[in-house]
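Biologist: I would like to go through this model with you, one question at a time. Shall we start with the side chains?

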Amino acid sequence: MIDEAVVNYYELLQLDRSAADADIKAAISKKRRLWIKRQASADPGRRTEAETIVRQLDAAESALLDPANRRRYDQQLASQRPQAPAAVDGSADWLDRARAYLDAGNATAAQRAAREATTQRGNDHGAWAVRAHASFLLGQAADAEFEFAEAIRLEPATVEYHQDLGEVYGMQEKWTQALREFQAALRLSPGNPVARTSIAQVYLANERSREALKLMESVVAEH
């Protein structure tokens with residue numbers, strides 16, 4: 001039996017179990033580029049999340065691209081009992097379900113539940129934020145941009161929403177938009193070390209190393 005905590009690598013890669021090696025390699029490469037960048041996040045929680053996913057991608061590569069390992073993995077996966085999060089039941093609303101699926105590491109189910117939540121409660125910024133996070137986990141940056149923007153439209157004073165949208169932009173090297181969102185986060189939370197570090201990373205990516213160094217020196221001195 002697979003340990004209950006083991007990730008379904010096909011779901012992680014958004015592939016069918018019959019996927020060819022070439023498709024698996026391409027999916028791993030695409031997601032690895034995304035999440036290695038995310039490891040540089042100034043937000044400790046997001047950085048930890050990225051590090052976890054990069055490790056999962058390494059494990060997926062080992063399990064799925066060696067024929068013998070893949071046979072064993074497929075057999076174990078087939079014998080594993082599906083296990084839904086305890087909080088996801090008939091009495092939970094769609095937003096609660098989406099959060100529970102995210103906690104269980106099931107971004108696909110979280111996204112579907114969050115879409116139901118935003119359909120029923122279109123003015124709930126929390127529902128849009130959960131949906132955006134699920135989209136980002138699935139590598140759907142354009143959707144995540146729109147969904148975080150909706151969360152911000154409904155609740156513009158939430159620092160985390162601006163920070164997350166900035167990181168979505170940063171991962172795509174949309175530096176102007178990323179800087180705008182990190183600066184918005186900093187205005188809402190003056191002195192915020194995460195926002196300041198993110199701004200420094202944008203400077204560094206755009207050959208503004210002196211400004212980046214000066215900003216980071218101030219962050220380190222204060223924290």
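Biologist: At what N to O distance do the side chains of D74 and R70 meet in a salt bridge?
Modeller: Residues are numbered from 1 along each chain as its sequence is written, and side-chain values use heavy atoms, leaving out hydrogens and water. A salt bridge needs a side-chain nitrogen of Lys or Arg within 4 Å of a carboxyl oxygen of Asp or Glu. For D74 and R70 the N to O distance is 3.9 Å.

Biologist: Which helix holds both D74 and R70?
Modeller: Helices are DSSP runs of H or I, at least four residues long, numbered from the N terminus. D74 and R70 are 4 residues apart, about one turn. Both lie in helix 4.

Biologist: Is R70 buried or exposed?
Modeller: Buried means under 20% relative accessible area, exposed over 50%, and partly exposed in between (1.4 Å probe, protein chains only). D74 is partly exposed at 26%. R70 has 13%, so it counts as buried.

Biologist: Which residues are linked with R70 in a network of salt bridges?
Modeller: By this rule the count comes to 13 salt bridges. In the network, R70 is linked with D21 and D74.

Biologist: How many residues apart in sequence are the parts tied together by D164 and R46?
Modeller: Their side chains meet in a salt bridge at 2.9 Å, N to O. Both D164 and R46 are buried. D164 lies in helix 9 (residues 159-171) and R46 in helix 3 (residues 44-64), so the pair ties together parts separated by 118 residues.

Biologist: Is the aromatic pair of Y9 and Y73 stacked or edge-to-face?
Modeller: Rings of Phe, Tyr and Trp (its six-membered ring) pair if their centres lie within 6.5 Å; planes under 30 degrees apart are stacked, over 60 edge-to-face, the rest tilted. The search of the whole structure finds 4 aromatic pairs. Y9 and Y73 are 4.9 Å apart centre to centre, with 25° between the planes: stacked.

Biologist: Which helices does this pair link?
Modeller: Y9 and Y73 are 64 residues apart, and both are buried. They sit in helix 1 (residues 9-13) and helix 4 (residues 67-79).

Biologist: Why is the pair of W128 and F146 edge-to-face?
Modeller: W128 is buried at 9% relative accessible area, while F146 is partly exposed at 46%. Their ring centres are 5.7 Å apart. The pair is edge-to-face because the planes stand at 85°.

Biologist: What do the buried residues of helix 6 pack against?
Modeller: The buried residues of helix 6 include A107, Q111 and T118. They pack against helix 5 (94-103) and helix 7.

Biologist: Which residues beyond four places in sequence does T197 contact?
Modeller: T197 is in helix 11 (residues 193-205) and is buried at 16% relative accessible area. Contact means heavy atoms within 4.5 Å. The partners of T197 are A42, M216 and V219.

Biologist: Where does pLDDT stay under 50 with 10 contacts beyond four places in sequence?
Modeller: The protein has a mean pLDDT of 88, and 92% of its residues reach 70 or more. Where pLDDT is low, the predicted coordinates should not be read in detail. The stretch you ask about is residues 1-5.

How values were computed
This is a predicted model: local features need pLDDT of at least 70, side-chain atom pairs count only at pLDDT 80 or more; totals for chains, interfaces and linings use all residues. Helices (H or I, at least four residues) and strands (E, at least two) are DSSP runs, numbered from the N terminus. pLDDT is the predictor's confidence in each residue, from 0 to 100.
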